[in-house]
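Reader: I would like to learn how to read a single residue and then a sheet. Please give the general idea before each case.

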Amino acid sequence: MSVEVRDVMRNVAIAVLEDASFAEIVRTMRRYAVGAVSVVDADCRPVGVVSEDDLLLKEVDPVRHGLSIFESRKRREEHEKAAAVTASALMSTPALTVTPAAPVRDAARLMHEKRIKQLPVIDAVTGRIVGTLHQSDVLRVFTRSAGRLESEVKAVIGDLTPVSVSVSGGVVTISGRVARGSQAVRLMEEVRRVEGVIDVVSELTYDKDDLLIVPPLL
């Protein structure tokens, strides 16, 4: 069974309105000890995000007056953010979001690909923010009990009665005998997809080796 965002998310929506001041954004980040806050419109729908990096431009950008025609688009945007004083001018858009029913695995992939540490969670119908998902929340899937992991792995294995499962520290050991080598490989792959599994150790044997071995090219 796939672990969903609703299972690990925090029901605290860390957000500010579009007209929030620079100082208000800083206070919100410090209050909740986060590195970014969502920016929402009047209907509490995320429209962007302000990160610590956006705020730090106020300190590190030496240019506050005038723009050069030789500057890149990125540098011009940095200058504009350095001069900004409200969330709407500071934020990066669009806002990346997830819904409570989204698989945690998909949320983790999005965080990794976009290099972000938290995601606003929105109601799938209204689009309003209902919570926040942090990287640390995603990592909670690796602290699930051995009993729960074992139950989910057994559900994946199904009716392969000669196969037994043991779990220790998130590492799943599969023992027994199956009909084909390809079946053993496929079973290992499916178990690895179970959220919370850190590693899989195979002690499986099989009756028929149907794995194709391609000789190396000379």
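Reader: In which strand is the place of threonine 132?

Author: Helices (H or I, at least four residues) and strands (E, at least two) are DSSP runs, numbered from the N terminus. Threonine 132 lies in strand S5, residues 129–134. The model is predicted: local features need pLDDT of at least 70, side-chain atom pairs count only at pLDDT 80 or more, and totals for chains, interfaces and linings use all residues. Residues are numbered from 1 along each chain as its sequence is written, and side-chain values use heavy atoms, with hydrogens and water left out.

Reader: Is threonine 132 buried or exposed?

Author: Buried means under 20% relative accessible area, exposed over 50%, and partly exposed in between (1.4 Å probe, protein chains only). Threonine 132 has a relative accessible area of 3%, so it is buried.

Reader: Which residues does threonine 132 touch?

Author: Contact means heavy atoms within 4.5 Å. Leaving out residues up to four places away in sequence, threonine 132 touches several residues, including Met9, Val12, Gln118 and Asp137. Ile14 is also one of them, and the threonine 132 side chain reaches the backbone nitrogen of isoleucine 14 at 3.3 Å.

Reader: What is the order of the open sheet of three strands?

Author: Two strands pair if DSSP finds at least two bridges between them. The order is S1-S2-S3, with mixed pairing. Strands S1 (15–17) and S3 (46–51) are the edges, each pairing on one side only. S1 and strand S2 (residues 36–40) are parallel, over three bridges; leucine 17 has valine 40 in S2 as its bridge partner.

Technical notes. Polar contact = N/O pair within 3.5 Å; in protein donor to acceptor, adjacent residues only side chain to side chain.
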